[in-house]
Amino acid sequence: MYIAQEESFGPVMVISKFKNGDVDGVLRRANATEYGLASGVFTKDISKALYISEKLEAGTVFINTYNKTDVAAPFGGFKLSGFGKDLGKLFSPSFISHLRVLINEKNT
């Protein structure tokens, strides 16, 4: 699906079906792109959400929320999305990739 592989800036959300329990298949599809700015996981199973967040190739992973962030937190993507983490103590001139996970605890 073309829209799921592009880095669209705007009110766009891709929701795709998957077979029950096929988490690794979902991860393969999600990571099969050149970009990795942000991603979102919606589930009642927080353990599964944390497992997925570790495997997603994205700079920010939102769990049970999306785009709720602190502007002072380090920000950046993986792959062709961004050059590293700007702001905060995790900024590195060598642009090391750090993952940021945000969890909406009200929905877990």
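The entries below follow the order in which I looked things up, and I note at the outset that the model is predicted.

Entry one. I began with Thr-33, which I located in the loop between helix 1 (23-31) and strand 1 (35-36). Is Thr-33 buried or exposed? With a relative accessible area of 17%, Thr-33 is buried, because the cut-off for that term is under 20%. Setting aside the neighbours within four places in sequence, I found Thr-33 in contact with Gln-5 and Lys-79.

Entry two. I then looked up Ala-73, which sits in the loop between strand 3 (60-63) and strand 4 (78-79), and its relative accessibility of 15% counts as buried. I also checked Ala-73 against Arg-100: the two are 27 residues apart in sequence, and their C-alpha atoms are 8.9 Å apart in space.

Entry three. Which residues of helix 2 (residues 46-55) are buried? I listed Ala-49, Ile-52 and Ser-53; seen down the axis of helix 2, these buried residues fall within an arc of 100 degrees, so they line one face of the helix. On the other side of helix 2 I found Ser-47 and Glu-54 exposed. The cover over the buried residues of helix 2 includes helix 1, strand 2 (38-41), strand 3 and strand 5 (100-103).

Last, I looked at the N-terminal end of helix 2, which is capped by Asp-45, with a side-chain oxygen 3.1 Å from the backbone nitrogen of Ser-47.

Note on methods
Residues numbered from 1 in each chain as written. Predicted model: local features only at pLDDT ≥ 70, side-chain atom pairs only at ≥ 80, totals over all residues. Heavy atoms only, no water. Helix = DSSP H or I, 4+ residues; strand = E, 2+ residues; numbered from the N terminus. Buried < 20%, exposed > 50% of the residue type's maximum accessible area, 1.4 Å probe, protein only. Contact = heavy atoms within 4.5 Å. Arc of directions from axis to C-beta. Polar contact = N/O pair within 3.5 Å; in protein donor to acceptor, adjacent residues only side chain to side chain.
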